[in-house]
Amino acid sequence: MRDISRRGLLGAGLGAAAAIGVAGCSSSGGSDTGGAGPDKGAKGEKGADGAVKGNGPAKKDVRAIGDGSTADTGKQPHQPSAPVPLEPGQKPPQFVIFSWDGAGEVGNGLFPRFLELAREHDAKMTFFLSGLYLLPESKKTLYRPPNNPIGASDIGYLTDGHIKETLKGVREAWLDGHEIGTHFNGHFCGGSGSVGNWSPSQWQSEIDQSISFVTEWRTNTGWTDLDPLPFDYRKELVGGRTPCLLGQDNLLPTAKKLGWRYDASSPGGTQVWPTKRMDVWDLPLQGIPFPGHSFEVLSMDYNILANQSQNSTKGMPSRYPGWRNQATQSYLSGFQRAYETNRAPFYIGNHFEEWNGGIYMDAVEDALKHIAGKPDVRLVSFRQFVDWLDVQDPAVLAKLRTLEVGQAPEGGWNAFFKQA
């Protein structure tokens, strides 16, 4: 699972057109702009298993679903207040969405590290869970990946111990108010079995299987002494990100049929206000400044790595400090460009990986700490962001989309919205 070379991934800056859309994968403060800001209520105390007490409903309110792998526990805790439309002439908030592909805990402590960081800064995030991360390898024949052998997986399978840690992390994440999306299953990026070649019906099969692995982990593992995941995943799941940002065109018809509200699989975008494709919000990773280079880099840790150490996850240690600073400054430059100009939402993609000595984890932590708490900034999940989008006046959103990358509204926001 940990050998990234098996995945055939080719990260790149936006200056390298052939690899623009490829991304590697594996395992806010409130403001006066109204709505979609985080709930700063009490977080509660942690129990012996690390779950946060006081975040969920009383046990009498829990309704087991299916085999008890999941449960309906009511409204998700720690959600923002209901979003409201922008007032005439009002400056938009600066949304920043941190997301995690795979969202598996493999014993490196990264899942709990970033859950704690999010608590400290009133941030909400999106965790794109790979369904296979809840399926024991002993049950791998249950997985029937489209155009691939039964049980195949280009990211392997987690150990039983790591599945338990992942369950704990996902459970705690939802109770903290984060979103649980999907990164699908086997992560096939190359050859005839690539997700880029899948049909809408094959995407439907992949999604159905991913949901089954999440909602039937108790049956598949035989574990009866662990708490259920405290949400109905079929209702919770409203968006995802495909492996290596491939296959969106054929995924979208299925996403629309399922009622998904967004997709984050577009192979590279820019820092502008989003549009819908097939009635689904299209929220792509974005090109951002890459210090020291004339081209931009996709806003994901692996794509930065690919430009620094040529796809090697173990580059020259002597370069780590410089690379870490470059990654941090790239994120901050992307944020600052939007924050000071068109206020386009900013999306950052990550993996729970210690590539190049863990410098990308340090970089994203440094960036989040710098961004959090600034006026009008909202650190939200993708789901919370589309909640906000969906209550805005379509004419206002259309006007916002006229602003190009790095373009501030001429004459200020009030004048901008008054223009015909």
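This short talk walks through the aromatic pairs, the charges over rings and the salt bridges in the structure above. Please keep in mind throughout that what we are looking at is a predicted model.

Let me begin with the aromatic rings. The structure holds 27 aromatic pairs, and one of them is formed by Phe-111 and Phe-127, whose rings are stacked, with 5.1 Å from centre to centre and 25° between the planes. If you trace the chain, you will find Phe-111 in helix H1, which covers residues 110-120, and Phe-127 in strand S4, which covers residues 126-129, so that this pair links distant parts of the chain, 16 residues apart. Phe-111 and Phe-127 are both buried. Elsewhere, ring pairs join Phe-95, Phe-128, Tyr-262, Trp-273, Tyr-347, Phe-382, Phe-385 and Trp-388 into a cluster.

Lys-164 lies over the face of Trp-223, at 4.8 Å from the ring centre, and the charged end of Lys-399 sits over the ring of Phe-416, 4.8 Å from its centre.

Now to the salt bridges. Side chains of opposite charge can pair when their charged atoms come close. The count here comes to 17 salt bridges, and I would like to show you three examples.

In helix H1 again, Arg-119 and Glu-116 lie three residues apart, about one turn of the helix, and their side chains meet in a salt bridge of 2.7 Å, taken from N to O. Buried or exposed, how does Arg-119 count? Arg-119 is buried, because its relative accessible area is 14% and buried means under 20%, whereas Glu-116, at 31%, counts as partly exposed.

The second example pairs Asp-387 with Arg-261, where the closest N and O atoms are 2.7 Å apart. Asp-387 lies in helix H10, while Arg-261 lies in the loop between helix H6 and strand S6, so this pair ties together parts that are 126 residues apart in sequence. Asp-387 is partly exposed, with a relative accessible area of 28%, and Arg-261 is partly exposed as well, with 22%.

Glu-365 counts as buried at 16% relative accessibility, while Lys-369, at 41%, is partly exposed. Both belong to one network, in which salt bridges that share partners join Arg-113, Arg-324, Asp-362, Glu-365, Asp-366 and Lys-369.

How values were computed: Residues numbered from 1 in each chain as written. Predicted model: local features only at pLDDT ≥ 70, side-chain atom pairs only at ≥ 80, totals over all residues. Heavy atoms only, no water. Phe/Tyr/Trp six-rings, centres within 6.5 Å; stacked < 30°, edge-to-face > 60°. Helix = DSSP H or I, 4+ residues; strand = E, 2+ residues; numbered from the N terminus. Buried < 20%, exposed > 50% of the residue type's maximum accessible area, 1.4 Å probe, protein only. Lys NZ or Arg CZ within 6 Å of the ring centre and 35° of its normal. Salt bridge = Lys/Arg side-chain N within 4 Å of Asp/Glu carboxyl O.
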